[in-house]
Amino acid sequence: MRHATERTRSRMDIIVRHGGNLIPKFDVSVVTHIVTDAQKGPTLRALGLRNLDKIPDHIPTVKWSWIVSCIGATQGDARLNEVWLYAAFSERIDAGIPKFNSTLSRNRTKDNVPDVVNISHISQFTQDGNHLQERNLIDMDDISEFPDPDNLQRSLPRALLDVTKTHDPLEQFYAKAKAELENGSPYHSDSECGSGPDLSRIEFHADMPLAKKGWTCDKRADKIDVCPNQDVIDKLQELMEIHKSRLGEEDRWRAFSYNKCIRILKSYPRRIQSLNEARSLAGVGEKTASKIIEIIETGQLRRIDYENTDDIKVGRLFQGIYGVGQSIAYQWYASGCRTLDDVLSGKGGVKLNPAQEIGLKFYSDINSRMPRDEAKAIFDLIKPIALQLDPGLFVEIMGSFRRGKADCGDIDILITRPTDDGKTHAGILSRLLRELHAAEILTEDLALPENPYDLECIYRGLCHLPKEGSSRRRIDFLTVPWQSRGAALIYYTGDDIFNRAMRMKARVMGYALNQRGLFAGVVRDPHDRSKKLNPGQLIASETEEEIFRILEVPWQEPHQRIRG
DNA sequence: AGGCGGTACTG
DNA sequence: CAGTAC
DNA sequence: GCCT
């Protein structure tokens, strides 16, 4: 117990050293985050609440590791500080997450109407709370005065300290927010750091059930998700596409940046009013902020007009062909091709490889999404065929389908097999592909596995429902060793953003995560990070749960892993 | 000034 | 190896 | 392009 108390105090000290404030009493109007490694009961007791629902959704409940991560965050990732990765209670995993629609498309069956409350309750200023908090923790080292520990000790409620005797300590803290939101009324909080940055208090409408009305009211968004900055998003998206279709690393990363800005804007609840407000969003810098303002003031972005030249448009068209990227598209343009027909007829001597031929032939099919039902129908044909080859197979559908999306861009099917009876799934893929071709479910192959008798291989192809006039659909088969099924499930379920955050958290914690497992002690060549000097030691890979647990990521069902 | 994921398949 | 896809 |  003494130990726990000391640890609590040292943790409190760390918090204040990094510019956080501890709040003696739970007050929803000032508390921005709740930090606890304790269990639900003790935490609630310390807060003086009856249940977790009483905590407003804008206040995330995070573990101590969140603080560690914020402080230890070194390079290039604001997402490290995403609170959901550090949520103390899975019920509150969404608290503090700036997503309007993170629960929008989950498990939507026909009788399941979109849940308006869920859609809106996640939203709001949580975003502000989040990244403001991050900045406080990381940037405010220059604050010279911090409260004396005894004061802190006294200021903490007795109950809270008692809690830490038997469980891990619980602390609350409050970090002053920078006045980045221009219409937030700035005020200086109690601490006397005169030279500190502008501080403001974020207005929390604490005791309202936070649902719909309170926040979305200023936009008459009776229709769910009308994003207040949609016009800005559209223009930035265009610009992003332009950069994406150009060859060259810089453009690639520019597109990457715009993509991030777009994601942020999509979840930003208010119309951007000023350059400063735009600038205040993590991921929006000078350049993008001024573009945002231009769009808002003039309704357009001149950059787009003179950047969206003919070669770019044609390039984008060509890149819609499977197997054609920036490089090939540009070559074809240089050869004089301007339309898909030009390409088809081999104008300028352009040649297509087999995959590209297929990609061109089914251009529109491949570029459109299929209804969830269709993905299911196709899968329901495939799975029995696979099980007929070997009843021991594990055959599951991954990707956006597993996340519950209403429409899917492709079908990803994971295949593996328990080995306890001494058998494996090696070689099954070849047989399955044959069967599926025979059944006229598989129609074209795009990429075959290098060695189909490996336990781990990848197949890419096209399929359809064996009916007249049904569209071609992209389908992938992925086989993995039974041992790595958990990591593979995570990896192939996504979404991308979620995976990236997992990977980065793993890295910060000293692990490396990939589709094969969670590894410790991976050493990479600093000059070529793709080279591993030491492959590391496998820590976990068999189940999703254990990987989540080791990474201290609260368990989330696939439909809860939507971040993009 | 350097990072922004890491891997597999094609030709 | 570069290019592409995921 | 943005962030450290």
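Tutor: In this predicted model, helix 9 (residues 230–244) and helix 10 (residues 249–266) have axes that come within 8 Å and cross at roughly 160°. Helices here are DSSP runs of H or I with at least four residues, and strands are runs of E with at least two, numbered from the N terminus. Axes are lines fitted to C-alpha atoms, for helices over the stretch in contact, and angles run from 0 to 180 degrees between N-to-C directions. The crossing angle therefore makes helix 9 roughly antiparallel to helix 10 (under 35 degrees is roughly parallel, over 145 roughly antiparallel, 65 to 115 roughly perpendicular, the rest oblique). Helix 9 passes helix 10 in a left-handed crossing, that is, with the near helix turned anticlockwise from the far one by less than a right angle.

From helix 9, the contact (heavy atoms within 4.5 Å) takes Val232, Ile233, Leu236, Gln237, Leu239, Met240, His243 and Lys244. Helix 10 answers with Asp251, Arg254, Ala255, Tyr258, Asn259, Ile262, Leu265 and Lys266. By class, this contact has 9 nonpolar, 3 polar and 4 charged residues (Ala, Val, Leu, Ile, Met, Phe, Trp, Tyr, Cys and Pro count as nonpolar, Asp, Glu, Lys and Arg as charged, the others, Gly among them, as polar).

Helix 10 also takes part in the surface near DNA strand B: helix 10, helix 23 (496–508) and strand 17 (528–534) each supply at least two of its residues. The largest share, 3 residues, comes from helix 23. DNA strand B is surrounded by 18 residues, the closest being Leu448, Glu450, Tyr491, Arg516 and Lys532 (near means a heavy atom within 4 Å). Of the atoms of DNA strand B that come within 4 Å of the protein, 70% belong to sugar and phosphate. The surface near DNA strand B divides into 8 nonpolar, 2 polar and 8 charged residues.

Tyr491 has one 2.8 Å from a base nitrogen of DNA strand B. Arg503 has one 3.2 Å from a sugar or linking oxygen, and Arg529 one 3.0 Å from a phosphate oxygen.

Residues are numbered from 1 along each chain as its sequence is written, and chains are lettered from A and ligands numbered from 1 in the order in which they are written. Local features need pLDDT of at least 70 and side-chain atom pairs count only at pLDDT 80 or more, while totals for chains, interfaces and linings use all residues, and side-chain values use heavy atoms, leaving out hydrogens and water.

Notes: Polar contact = N/O pair within 3.5 Å; in protein donor to acceptor, adjacent residues only side chain to side chain.
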